[in-house]
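Colleague: I'm new to this one. Can you walk me through it?
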Amino acid sequence: MINYKPKKINGLLSETFDNETVIVRKSDLKCFILNSTGSFIWRLLNRRKSIENIVNLLSKKYKINKEQTKRDIINFISYLKKVGLIYFKKWEKFYLRLYG
């Protein structure tokens, strides 16, 4: 999973205010609010960064342990996928189902 590049689904509106991001899914108008760390990760998804790249950038930015950062980011990415804000390419989803 660490080398996957999560992609945002179509049909989202997002805006950042004071380092927090509000995301609205147009299909059902459900809102999600991300704190400053979640917002930082959300912005990195625009640049098609892999989860590994995000771990490296976040651990460097906040000067925190890479292993803990990796676990936290995988949990966060898993949450974004569960609530339907991101997806993985078809082969990545297949791999995740088998080995994730």
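Colleague: Which residues in helix 1 meet helix 3?
Modeller: Gly38, Ile41, Trp42 and Leu45 in helix 1 meet Ile73, Phe76, Ile77 and Leu80 in helix 3. Contact means heavy atoms within 4.5 Å. Helices (H or I, at least four residues) and strands (E, at least two) are DSSP runs, numbered from the N terminus.
Colleague: What is the source of the model, and what are the ground rules?
Modeller: This is a predicted model: local features need pLDDT of at least 70, side-chain atom pairs count only at pLDDT 80 or more, and totals for chains, interfaces and linings use all residues. Residues are numbered from 1 along each chain as its sequence is written, and side-chain values use heavy atoms, with hydrogens and water left out.
Colleague: Back to the helices. At what angle do helix 1 and helix 3 cross?
Modeller: At roughly 70°, with the axes of helix 1 (residues 36–46) and helix 3 (residues 66–82) coming within 12 Å. Axes are lines fitted to C-alpha atoms, for helices over the stretch in contact, and angles run from 0 to 180 degrees between N-to-C directions. Helix 1 and helix 3 are therefore roughly perpendicular (65 to 115 degrees).
Colleague: New topic. How many bridges join strand 2 to strand 3?
Modeller: Six, and strand 2 (residues 12–17) runs antiparallel to strand 3 (residues 20–25). Pairing takes at least two DSSP bridges. Phe17 has Glu20 in strand 3 as its bridge partner.

Key:
Angles under 35 degrees count as roughly parallel, over 145 as roughly antiparallel, 65 to 115 as roughly perpendicular and the rest as oblique.
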